[in-house]
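Colleague: I would like to learn how to read salt bridges in a model, so please take me through them slowly.

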Amino acid sequence: MELIWQMDKKLTKFPKCNGNLKTDVLIIGGGMAGILTVYFLEQDNVSYLLVEKERVCQGVTAGTTAKITSQHGLKYHTLLRDSGIAVTQGYLQANQLAEKAYRKLCKTIDCDYEIKDNFVYTLDDKSQLEQELSTLSRIGFDGSYTEHLPLPFRIAGAVRFPNQAQFHPLKFAAAIAEHLHIYENTWIREIRGNTAVFDSGSITADTIIVTTHFPFLNRYGCYFLKLYQFRSYLIALENAPNLNGMYVDASSTGFSFRNTQKYLLLGGGGHRTGKDGGNWTELRNLYRCYYPQAKEICYWAVQDCVSLDGIPYIGHYSNCTKQWYVATGFQKWGMTGAMLSALLLRDMVQEKKNEFAEIFSPSRSIWKSKLLENSWEMAKRFFRISKKRCPHMGCALTCNKAEHSWDCTCHGSRFAESGKLLDNPANRDRN
């Protein structure tokens with residue numbers, strides 16, 4: 001089934017790479033983060049190539065809700081408590097720059113770009129809203145409180161971020177990618193020094209940037225310890241009301257709402273990949289109760305990488321690989337994170353100072369309790385008895401009955417019943 005954004009936009013097809021090539025900068029991964037990074041390198045006249053193992057922007061980017069916002073749940077109170085005011089202010093300012101960059105580009109691109117207010121609501125806990133608003137006041141942002149939203153159920157309250165945005169991600173990507181140096185259907189299997197190897201050749205580069213959603217190189221960076229993946233479900237509805245805004249529950253397992261030009265996008269039913277969750281059943285129960293006149297147009301699922309401290313990893317792949325860079329861990333805010341990473345990486349690969357680089361550095365300290373918790377979760381899955389194992393690091397796979405797939409709770413790789421790889425970090429099909 002086509003995803004909602006694919007129904008009215010087809011991207012240009014790019015050639016497959018063959019033979020041995022050289023370039024200054026190689027970007028591996030053709031989602032929004034990779035496309036934006038090479039777009040800015042093109043503007044700066046930097047020699048580059050981008051390779052994508054399948055089609056550009058047809059994976060996670062095609063499944064996004066496409067909200068462009070600095071309001072990433074009730075994040076700022078937690079950031080202030082755990083990381084201090086400098087990091088909290090820097091996180092906000094960096095994401096605001098990403099918003100402004102989209103606004104500037106979208107002035108000349110027909111991509112259904114619309115200014116909308118964003119709301120994070122809670123069903124029962126006003127105190128967390130009060131804490132968030134107090135933090136926003138301290139860091140100089142004008143958030144506001146409301147108890148009245150056009151949602152179909154009662155809420156306790158919500159925090160509002162004014163003048164955020166939404167758009168059509170594939171219309172945008174098609175416009176900026178059309179004349180870029182891109183190869184599709186080119187699956188990088190490994191990197192040897194500064195050479196990326198694929199089935200029919202190799203690319204040697206001075207700098208390599210990995211934007212493959214979940215980094216696929218295990219030897220450096222320990223991303224298999226510092227990330228996990230979270231699965232969310234969406235349905236596009238016709239004959240549903242226009243809510244004139246973007247809405248998301250403060251709980252990671254709550255519901256998300258936004259309208260497109262024609263449809264209401266309803267999201268929710270989420271869970272850590274490999275575990276059980278509400279999936280589309282929760283969404284269908286909700287809209288059949290509150291929007292009985294609505295018609296389901298299409299449904300799909302999307303997967304997000306989650307960092308342990310709630311901040312994306314953008315920068316040097318590791319301290320030992322100074323010419324490798326990475327962008328990952330955007331959680332459910334991939335469009336803003338993609339632009340943020342492109343702005344940071346553009347500066348870093350050209351050895352320009354960026355004031356936000358330290359905040360997002362993948363080599364920053366991660367709380368020991370979070371590392372232990374994630375490591376314990378992986379250990380349980382690794383030692384679980386199962387004939388079906390993930391080729392990434394050997395963890396047991398779990399049957400996902402809703403999607404007819406086999407999923408890895410350790411790191412989020414997913415496989416079709418046939419064994420075909422659906423989601424990384426695994427870099428090959430399951431036997």
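Colleague: Which residue forms a salt bridge with Glu54?

Modeller: Side chains of opposite charge can pair when their charged atoms come close. A salt bridge here is a side-chain nitrogen of Lys or Arg within 4 Å of a carboxyl oxygen of Asp or Glu. Glu54 pairs in this way with Lys420, their closest N and O atoms being 4.0 Å apart. Lys420 sits in the loop between β20 (414-416) and β21 (421-423), while Glu54 sits in the loop between β2 (48-51) and α2 (60-63), 366 residues apart; helices (H or I, at least four residues) and strands (E, at least two) are DSSP runs, numbered from the N terminus.

Modeller: Please keep in mind that this is a predicted model, where local features need pLDDT of at least 70 and side-chain atom pairs count only at pLDDT 80 or more, whereas totals for chains, interfaces and linings use all residues. Residues are numbered from 1 along each chain as its sequence is written, and side-chain values use heavy atoms, with hydrogens and water left out.

Colleague: Is Arg231 buried or exposed?

Modeller: Buried means under 20% relative accessible area, exposed over 50%, and partly exposed in between (1.4 Å probe, protein chains only). Arg231 has a relative accessible area of 4%, so this residue is buried. Glu403, at 17%, counts as buried too, but Lys420, at 43%, is partly exposed.

Colleague: With which residues does Glu403 form salt bridges?

Modeller: Glu403 meets Arg231 at 2.7 Å, N to O, and Arg414 at 3.4 Å. Shared partners join Arg231, Glu403, Asp407, Arg414 and Asp423 into one network of salt bridges.
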